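Work through the exercises below with the sequence and the model open side by side. Try each task before reading its solution.

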Amino acid sequence: MGWAGAATGVSSDERTVRRKMTDFAIIGGGWRAEFFLRVAAALSDQFRVTGMLTRDAAKGAALETTWQVPTFRSLDELLQTAPQFVVVSVPRTVAPDLLVELAERGVPALSETPPASDLDALVALFERVGGNARIQVAEQYLFQPQHAARLAFSASGRLGSISQAQVSVAHGYHGISLLRHFLGVGFEDAVITARTHSTPIVDGPNRNGPPAEDRIVSARQTIAEFDFGDRFGIYDFTDAQYFSWIRSPRLLVRGERGEINGDEIRYLQDFQTPVSVALKRDDTGQNGNLEGYYHRGILAGTEWLYRNPFPPARLSDDEIAVATCLQKMAEYTAGGPDFYSLAEASQDHYLALLVEQAVKQQAPVATIRQPWAGLPS
């Protein structure tokens, strides 16, 4: 079904600790579903796809040929494979009914983002399943290595109390999720101001690969300010940014004792001793290294801020993050804590919807506490 990469450089004891099989099923067969399939193929000693639900028989046959996983046409058939949980990777307009049905059957669900299309649908979903359904959401950006390292340092206290974050990394709820976590914000109220403008850019790669021709397209940039009172956030994202070769991600986090600016950290050891350290990515397989090619972790000087949980699999950062979601979901179904709850996912999508509202109104918009806001973040 897949490959695990070179085994050298990872002790047998370490691999034994990691190798506890997690069985999960998938509803859906689109582009995002393939991320979970790739992770299961690369980490076949840890994750196994018991089956996939797709209504289209021809699509199911193609998935079986490509990924060597069984496909089914009904939920009853899928659940007969006895998964520990089900990944719901379908359009946001379809997801709520499936999440409710799984909740009614007592089956834990890991939903793609967002779990519903608009505020009415978010509220209706929450009211139907309440806070007791075993639902988590696969928000992966928090678990990408660079962001996980920055979040770890930000939470260490060495920057002091975080008062400002500027995030230009991901669109909508993804970027807002990072913004909230860097600021340490849960469901606090905010006033949101937002605007957009369009600029020309050379068309770049997309999901289907590199550009086929040299052409200029228009890219929409959205800039939003979030005023939480004692904390302030700026969200900035351009449509072309994800795949662009010439539009880079940017991130700034500030506290009274220091800041993270991209991959550079500046902070005060004491009020007379400034420290500057760079985040250094450590990947094997370079410059004659024969351990295989995989990501090892992120260092700040001599300190590991992040260690990849899945060596020696050859995974992209986003796939590492997706694998982390699966790992945390397995822990959650075994009685572990929330890692990105339905309440958190609903709040981030709600804030993203308010950004669009502020753009349309060309005026500030204030948040209103929603039914999920009373739950722990």
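**Exercise 1.** Over the ring of which residue does the charged end of Arg207 sit?

*Solution.* This is a predicted model, in which local features need pLDDT of at least 70 and side-chain atom pairs count only at pLDDT 80 or more, whereas totals for chains, interfaces and linings use all residues. Residues are numbered from 1 along each chain as its sequence is written, and side-chain values use heavy atoms, with hydrogens and water left out. A charge sits over a ring if NZ of Lys or CZ of Arg is within 6 Å of the ring centre and within 35 degrees of the ring normal. By this rule, the charged end of Arg207 sits over the ring of Trp31, 3.8 Å from its centre. The charged end of Arg38 is likewise placed over the ring of Phe35, at 4.4 Å from the centre.

**Exercise 2.** Find how Phe47 and Phe310 are arranged as an aromatic pair, and where in the chain they lie.

*Solution.* Rings of Phe, Tyr and Trp (its six-membered ring) pair if their centres lie within 6.5 Å, and planes under 30 degrees apart count as stacked, over 60 as edge-to-face and the rest as tilted. The count by this rule is nine aromatic pairs. In the pair of Phe47 and Phe310, the centres are 6.4 Å apart and the planes make an angle of 55°, a tilted arrangement. This pair links distant parts of the chain, 263 residues apart, since Phe47 is in strand β2 (residues 47–53) and Phe310 in the loop between β16 (303–307) and α9 (317–333); helices (H or I, at least four residues) and strands (E, at least two) are DSSP runs, numbered from the N terminus. Buried means under 20% relative accessible area with a 1.4 Å probe, protein chains only, so Phe47 at 3% counts as buried, as does Phe310 at 0%.

**Exercise 3.** Describe the surroundings of Ser346.

*Solution.* Begin with its position: Ser346 is found in helix α10 (residues 342–361), and its relative accessible area of 1% makes it buried. Next, look at the polar side: a polar atom of the Ser346 side chain lies 2.8 Å from the backbone oxygen of Leu342. Finally, leaving aside neighbours within four places in sequence, Ser346 is in contact (heavy atoms within 4.5 Å) with Leu122 and Trp372. Trp372 also belongs to a cluster in which ring pairs link Phe126, Tyr350 and Trp372.

How values were computed
Buried < 20%, exposed > 50% of the residue type's maximum accessible area, 1.4 Å probe, protein only. Polar contact = N/O pair within 3.5 Å; in protein donor to acceptor, adjacent residues only side chain to side chain.
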